[in-house]
Amino acid sequence: MADNGARGLDVFDDSPARSFRMPAADVLRGIGEPDVAGNWRIPRRRASAPPVIRVVDRFLTGVLDLRAVELNYLLEFERCRFEQPPDLRQSKLAGVEFRGCWLPGLAGRNLTSANDVSLDGCTVEGPVDLTDSDIAGSVVLRTSTVRMPGELALHADRMKVAGALLAYGIRTEGEVRVAGAQISGNCNFSGAVLHNPSGFSLNGNGMQVGGNLLCGVWAETDQGFTAHGAVVLPNARISSAFTMRRAALHAGDDRAEPDLADPHADPHASLVLDRTSVSGDVELDRGFTSAGTLRMLNATIGGTLSLSGAHLDAVKPAGGNTDPVGRGRALHLDGAEIGGDLTARELVVRGQFRMVDATVRGSLVLDGSTLSNPHADTVLANRCRVGSNFSAREADVAGVLELRAVHIGANLDLRGSRLIQPGKYRHQPGEKASVDIGGATIGRDLICARGAKEFVAHGGVRTRRAQIGRTANFTGSVLGDRLDSHALNALGMQVPELVLTPVSPPKGKVTLRGAGCTTLEDNETFWSATGRIDLEDFRYDSLRHSIDLRDDASVQRRLRWLRQAMRHRYRPGPYDQLAALLRASGNDEHASTVLMEKQRLRYIAVAEGTRIVGPLVLLWSWLQRWMVGYGYRPGRALGWLVVSWILGSAYFAVGPPLTVINADDTLPWNPWLFTIDLVVPIVDFGNKNRWQTPGAAQWIASGLIVSGWTLATTVAAGLTRMLKR
């Protein structure tokens, strides 16, 4: 049945003309009749009767009371105003539609509808209650306005919808609560404006969506989703994609302090997806903004999480240097599992990007992003697992990238990024590293190199005990900005190829203790670090640019680099390592040069430690260096042996005659044979025991014997090493 009364009712006029007024009980008048007891009853609809009751332009007085009524008619209300909230509780209807109506509320708890339940373009100044309702069609709330400030505006817990929930363009004041709702199709809040700053703007705890959950831009008006108050969807199950493109979220006006008993609490959350499962993509990009924490603890995302072009603000003012959270968490992804990529190109974050123990099976991309959490952890991703690349090229970071014990399948690429204001440790002295990948496992390359601009890390880079599959590249980098901190801490790092070619000398200490690589590429700039370079037990098997057998200048240059790196302190290990590398490449002469330098520095260190006999130690060192090259130049010893023979022979030839020990001995005097008998040990030519050496000759003979033993032993040692080779 249809009531085609007067046209032109203003539904916002609470006192319309009498001609528009109609008792709500008259809606069913004409299809019902009293029974024998006088009670109103609705008979079964005749086949010839139209299945629609339509009311247009009416001010319905009283209560439209259909509680527990079974009505096989479709109710349509167009441009109607209700004096009292319609009561549809426990009713079974063929369907109900309100178009352009004004209602003081709607009571529909346990409603059963065989078709749609629609509030299209309506204004509701009260709660809409569809709790436990069962809708065989769709629920349509398109462009409606529901006002219940500070309370439940739409209450639809455990609602079952066989079709879709279409709420695009809706305006609400108060909480939209659909906890535990089961929606078989899409749930569309695109273009909606939800306002409940003192609590939750949308509460979908445990809801199930068979299609997409759309909270993005409504194409008809180009209006994005806006929520002032937290959007809370923990434990939700979304069978397809979740979209919030160009949405604007605000955590609300609550300024509660963090729960000290729960260090992972986020009191300013704008979006909560804890333990939520999304089979498709999650799109929070293309102008998406959030004033508050995006919280997705232990969430499961089957596709890609997209944050490209988003702006995330943790709201909280920046903390002090000892606060590891700083401004607060802008993104909290602890334990989340992402089946595809996490793409966040040109992301802007004010606060912490936290994803401890998270898993990204594809790539994690932060290229061109601006991440600001000064003097605290900007990206905290300890024990995170990334299946492919972790890329943050050309990023501007104020704070620390802490990626301890991460597992990255391919590359960690920080090419051209700038990292400043690293802050300090909370419970220990010292400045944090701008990039900390201690204990990390990287399948291919670590790239901290020049891109479109230089790679800059004011707090330095920490790669302690990291395992890198192919290359650690520091080409064109600027490391450190303080002399009392680390520019590079690579203690125990293992990598096949290490490239240490910064564009400026590292400012601060450099630690390569216990590190190892197959190939080392370096430059003088690296070895000019302002702090000491710790090279103990640093192992490298070859140099990218090998030293030619005739290139003495390169060896001397490397020795100068080592002395400068260790601040002229004696440490034997680095010299032994360089000598072993040269010897392994067949460059024995240069290896001996390195070992001679090691011995020279050793004697200097001994002399500094024993001040009384220090000058004698230095004299002995000088004699060994020039005479025998500390035993590494046996040719010199042979030369000095010949010189001793010639000088001794000349002395005994022109000097006073020697006295014959045995007058009966007929051996003729020969100063050359006599001297060689003194100089050459062990071998006896039969001359030195036949002549007495009185006076000065005795001292000269003794000196020749001592020098002969010393020099001949050195020559023999050199020949032994040559025979072994």
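This is a predicted model: local features need pLDDT of at least 70, side-chain atom pairs count only at pLDDT 80 or more; totals for chains, interfaces and linings use all residues.
Residues are numbered from 1 along each chain as its sequence is written, and side-chain values use heavy atoms, with hydrogens and water left out.

**The chain as a whole**

- The protein chain holds 8 helices and 68 strands. Both are DSSP runs, numbered from the N terminus: helices are H or I with at least four residues, strands are E with at least two.
- Of its 725 residues, 51% count as buried. Buried means under 20% relative accessible area, exposed means over 50%, and partly exposed lies in between (1.4 Å probe, protein chains only).
- The chain exposes about 31200 Å². Carbon and sulfur atoms supply 52% of that area. Accessible areas come from the Shrake-Rupley method with a 1.4 Å probe; for residues, only the protein chains shown count as cover.
- Take the contacts between residues at least 6 apart in sequence: 54% of them join residues at least 24 apart. Contact means heavy atoms within 4.5 Å.

**Helix 2 against helix 4**

- Two packed helices are described by the angle between their axes and the distance between the axes. Axes are lines fitted to C-alpha atoms, for helices over the stretch in contact, and angles run from 0 to 180 degrees between N-to-C directions.
- The axes of helix 2 and helix 4 (residues 588–609) come within 10 Å and cross at roughly 30°.
- The crossing of helix 2 and helix 4 is right-handed. A crossing is right-handed if the near helix is turned clockwise from the far one by less than a right angle, and left-handed if anticlockwise.
- Helix 2 brings D552, V555, Q556, L559 and R563 to the contact. Helix 4 answers with H590, T593, V594, E597, R600 and L601.
- By class, the contact of helix 2 with helix 4 has 4 nonpolar, 3 polar and 4 charged residues. Ala, Val, Leu, Ile, Met, Phe, Trp, Tyr, Cys and Pro count as nonpolar, Asp, Glu, Lys and Arg as charged, and the others, Gly among them, as polar.
- S554 also sits in helix 2. S554 counts as buried, at 9% relative accessibility.

**Helix 2 against helix 3**

- Helix 2 (residues 552–565) and helix 3 (residues 572–584) pack at about 160°, with axes 11 Å apart. That angle makes helix 2 roughly antiparallel to helix 3.
- The crossing of helix 2 and helix 3 is right-handed.
- R558, L559, L562 and R563 of helix 2 touch P574, Y575 and L578 of helix 3.
- By class, this contact of helix 2 with helix 3 has 5 nonpolar, no polar and 2 charged residues.

**Helix 3 against helix 4**

- Helix 3 and helix 4 pack at an angle of about 170°, with their axes 8 Å apart. Helix 3 is thus roughly antiparallel to helix 4.
- Helix 3 contributes P572, Y575, D576, L578, A579, L582 and R583 to the contact. Helix 4 contributes D588, H590, A591, V594, L595, E597, K598 and L601.
- By class, the contact of helix 3 with helix 4 has 9 nonpolar, 1 polar and 5 charged residues.

- V278 lies in strand 32 (residues 277–278). V278 counts as buried, at 3% relative accessibility.
- Leaving aside neighbours within four places in sequence, V278 is in contact with I238, S240, A241, F242, T300, I301 and G302. V278 and T300 are 22 residues apart in sequence and 6.2 Å apart, C-alpha to C-alpha.
- S644 is found in helix 6 (residues 634–654). S644 is buried, with a relative accessible area of 14%. S644 and T675 are 31 residues apart in sequence and 8.6 Å apart in space, C-alpha to C-alpha.

**Positive phi in loops**

- D132 has a phi near 60°, a positive value in a residue other than glycine. D132 is in the loop between strand 15 (128–129) and strand 16 (134–135). D132 counts as partly exposed, at 27% relative accessibility.
- R465 is not a glycine either, yet has a positive phi of about 60°. R465 is in the loop between strand 57 (461–462) and strand 58 (467–468).

Methods
Angles under 35 degrees count as roughly parallel, over 145 as roughly antiparallel, 65 to 115 as roughly perpendicular and the rest as oblique.
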